[in-house]
Amino acid sequence: VFNSEIPNKKIKVLVNQAEDKNDSSKSVENLNQALSHFLSFEVEALPFIPFTMSIKKSVKVQKPISYENLSVEKEFFNKLAYSLQLLK
């Protein structure tokens, strides 16, 4: 729908719960293979969100992720926030 309605707009995808950058890249690559074959377009990747126990626990108890308490995750959320600012 996006591609037919807005053909020149780049579509970006966020990979959630990736093991690492390679896992995220492989997911986007597989998605692009299918999209390219069936729909003749591709998407671009945003910085991924890793799988961590902290994030898993927050989702499980349905509470917001406490930014102040996540030292490892901060890097990933900062990259994502920065890339989203560039899209404006």
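Helices here are DSSP runs of H or I with at least four residues, and they are numbered from the N terminus. By that count, Asn32 is found in helix 2. I worked on a predicted model.

**Entry 1: the chain**

I began with the overall layout. The protein chain has four helices and four strands. Along the sequence I read the pattern α-β-β-α-β-β-α-α. I then looked up burial for the chain, which has 88 residues, and 23% of them count as buried. I also checked the contacts between residues at least 6 apart in sequence. Of these, 57% join residues at least 24 apart.

**Entry 2: length of helix 2**

I turned to helix 2, residues 21-39.

Which residues of helix 2 are buried? I found Ser24, Val28, Asn32 and Leu35. Viewed down the helix axis, the buried residues fall within an arc of 65 degrees, so they line one face of helix 2. An α-helix has 3.6 residues a turn, so residues three or four places apart point the same way.

Next I asked what covers the buried residues of helix 2. The cover includes strand 1 (12-13), strand 2 (16-18) and strand 3 (44-45). On the face turned away from the buried side I noted the exposed residues Asn22, Gln33, His37 and Phe38.

**Entry 3: Asn32**

Asn32 has 11% relative accessibility, so it counts as buried, the cut-off being under 20%. I set aside its neighbours within four places in sequence. Beyond those, Asn32 is in contact with Phe41, Glu42 and Val43.

**Entry 4: the ends of helix 2**

At the start of helix 2 I looked at Asp20. One of its side-chain oxygens comes to within 3.1 Å of the backbone nitrogen of Asn22.

Just after helix 2 comes Ser40, with a positive phi of about 60 degrees. Ser40 sits in the loop between helix 2 and strand 3. Is Ser40 buried or exposed? Its relative accessibility is 63%, so Ser40 counts as exposed.

**Entry 5: another positive phi**

Most residues other than glycine have a negative phi. Gln17 is also a residue other than glycine, and its phi is positive, near 60 degrees. Gln17 has its place in strand 2. At 44% relative accessibility, Gln17 counts as partly exposed. Strand 2 is among the elements that cover the buried residues of helix 2.

**Entry 6: the largest pocket**

Last, I looked up the largest pocket. Its volume is about 180 Å³. The lining consists of Lys21, Ser24, Ser25, Val28, Ala45, Leu46, Pro47, Phe48, Phe76 and Lys79. Which elements give two or more residues to this lining? They are helix 2 and helix 4 (71-86). Helix 2 gives the largest share, four residues.

Definitions and conventions
Residues numbered from 1 in each chain as written. Predicted model: local features only at pLDDT ≥ 70, side-chain atom pairs only at ≥ 80, totals over all residues. Heavy atoms only, no water. Buried < 20%, exposed > 50% of the residue type's maximum accessible area, 1.4 Å probe, protein only. Arc of directions from axis to C-beta. Contact = heavy atoms within 4.5 Å. Polar contact = N/O pair within 3.5 Å; in protein donor to acceptor, adjacent residues only side chain to side chain. 1 Å grid on protein atoms, 1.4 Å probe; cavity = no way out; pocket = protein on both sides within 12 Å on 5 of 7 lines; lining within 4 Å. Points joined across faces, edges and corners; volume = space filled by probe spheres on them.
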